[in-house]
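Thanks for making time, everyone. I have a short walk through one model today. Please bring it up on your screens.

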Amino acid sequence: MVDFWATPGGWTLITLGQILLILVPLLLLLAVLIVADRKIWAGVQMRKGPNVVGPFGWLQAFADLLKFVLKELVIPDGADKFVFLLAPVLTFGLAFVAWAVIPFAPGWVLSNINVGILYIFAISSLGVYGIIMGGWASNSKYPFLGSLRSAAQMVSYEVSIGFVIITVVLLAGTLNLQTIVEKQAGWFWNWNVLGGGLKNLPMALVMIPMMVVFFISSLAETNRPPFDLPEAESELVAGYQVEYSSTPFLLFMIGELANIVLMCAMISLLFFGGWQPGFPTPFLADWSPFAASLFGFVCFFIKSMIFFFLFAMAKAIVPRYRYDQLMRLGWKVFLPMSLVAVAIVAAWRVFAPAAGA
Amino acid sequence: MALQAIAFYVLALVTVAAGLAVVSARNPVHSVLFLILAFFSAAGLFVLLGAEFLAMLLVVVYVGAVAVLFLFVVMMLDVDFIQLKQGFARYVPLGGLVAGILAVEMIVVSSTVASRGAASANDAPMAATDVSNIESIGRVLYTHYIYFFQASGLVLLVAMIGAIVLTLRHRPHARRQVIADQVARGPKSGMRVVSIKPGEGVGE
């Protein structure tokens, strides 16, 4: 039987199992986070939020799921049927494909490829297609305008996200996410947000602003408020998703949420040491490998959830940007900032006395 | 090996079929979507070759940026399909000629490669096995080809500035928002306190 797991068939079964092991908890987590998001939002506005379905309303997401699935699917007359239905499936699929390279804990990664960070960048740059295709295929003016806005917005902010990622890659010296996290082991000053190690501490002056740039850009990249111009209810009704109903709308919504959680995970991986708890962990050597990994996973999970809380708070307390201000922020503020940061970090890596790898 | 062969044939088939669909699709937006599919499966072929860095770059640059702009433009075009069809017969000879020349060139190149004619003289550059292909590309690009690399960067910069210069026009009467001025504006410069006598109004 040992042989069977080495054959292509066995490999396929193992990989499928691993994929399910990531997907199912992730979907359950999203169901909780949807409610958490609304609860935080409500708390800021001194409301109660969803509180009817299940204890304290925590099962609201499942009620919503049933509602969406059971509703009638309306496809507008004159819509490009295939593209119209492909768009939400694409958004949904891409949002989950990216999780393949996320290292959840030491050794807990589906695919440890050495261009992991580029892979995530590539997948997240594909996310724009779901929105453009959905907006165009609806054959209607509001969705179309929403999708054009969104295309311009996502392409603009991708540029600064790319440069911020390059600063991290320069500090870590690798594109492999697992190695990037491993290099941030030990005390919390080894985290990339503080320059990655005491000898690089001056780089904290560059990396802290870069972390902020990454956070704000990921708000824009995931179409979260205050950058939710693609859907802007007050101007465009609901932007690219006007014509969507039932399950396709649900797919869009879950895909968007999965992208948000992915971005939270990315921030904690790139800047805050992923599964590293922020202090040396010699005691883990005595633990079983599984317990040690679980400990790392809990650290990673807590960090990611802190950033999800920040995402939710940003939604609650920041008013929506005007479109020209959004473009100005992306191209005239973030792009020059991140370009200069890349130059500074690169110069530091080459010329700093003790910078070595 | 068999799995790799299957993967190669599937990807190659999808690439070629998508390429054909690009030129034969009636709707230009569908053409661009097929083009994206072709890019994507070409990236898959790169992965099969073990060039995962190039594959990711292909996806990031072409699929993530270039094709988005294509789609952006094509979606906003108001294409007259009947007019498009009329042009077809006129361009067939020219298009056929270009395609024929390309086909001959490809056959010549691939037959020389197959017989190791031109390539046998100098050794094929072997990738070091202990480094990732990002590192080996970087080593070649930033040592042997550093001047060419920088020159191509300059060419791109010139093209970018050229595009901006060609499209930038300052409308003299357009009002622009100067954020710095707005931020610098305080109550002293933005407000004027006047004392108005009852019954007289402001009166300039």
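Predicted model: local features only at pLDDT ≥ 70, side-chain atom pairs only at ≥ 80, totals over all residues.

Let's start where chain A meets chain B. How many residues does each chain bring to the contact? Chain A gives 27 residues, and chain B gives 24 residues. The interface is often sized by the accessible area that is lost when the parts come together. Here the area buried between chain A and chain B is about 2,100 Å². Carbon and sulfur atoms give 80% of that area.

Which helices of chain A supply at least two residues each to the side that touches chain B? They are α4 (116-137), α5 (141-172) and α11 (323-351). The largest share comes from α4(A), with 11 residues. Sort this side of chain A by class, and you get 19 nonpolar, 3 polar and 5 charged residues.

Now the polar side of the contact. Between chain A and chain B, the count of salt bridges is 0. Residue pairs in polar contact number 3, with both partners at pLDDT 80 or more.

I mean the second largest pocket, with a volume of about 720 Å³. It is lined by 27 residues. Which of them are closest to the centre? They are A:D37, A:W41, A:E231, A:M253 and A:K315. Two helices of chain A, α1 (8-44) and α9 (246-270), each supply at least two residues of the lining. By class, the lining has 13 nonpolar, 3 polar and 11 charged residues.

Stay with A:D37 for a moment. A:D37 forms a salt bridge with A:R224. Their closest N and O atoms are 3.1 Å apart. This pair links distant parts of the chain, 187 residues apart. A:D37 sits in helix α1 of chain A, while A:R224 is in the loop between α7 (204-221) and α8 (233-236). Over all chains, the structure holds 5 salt bridges.

Last, the backbone. Most residues other than glycine have a negative phi. Two residues here are worth a look. A:N139 is not a glycine, yet has a positive phi of about 60°. Where is A:N139? It lies in the loop between α4 and α5 of chain A. The other is A:S246, with a positive phi near 55°. A:S246 is found in helix α9 of chain A.

That is the tour. Over to you for questions.

Key: Residues numbered from 1 in each chain as written. Chains lettered and ligands numbered in written order. Heavy atoms only, no water. Contact = heavy atoms within 4.5 Å. Buried area = accessible area lost by both parts, 1.4 Å probe. Salt bridge = Lys/Arg side-chain N within 4 Å of Asp/Glu carboxyl O. Polar contact = N/O pair within 3.5 Å; in protein donor to acceptor, adjacent residues only side chain to side chain. Helix = DSSP H or I, 4+ residues; strand = E, 2+ residues; numbered from the N terminus. Nonpolar A, V, L, I, M, F, W, Y, C, P; charged D, E, K, R; others polar. 1 Å grid on protein atoms, 1.4 Å probe; cavity = no way out; pocket = protein on both sides within 12 Å on 5 of 7 lines; lining within 4 Å. Points joined across faces, edges and corners; volume = space filled by probe spheres on them.
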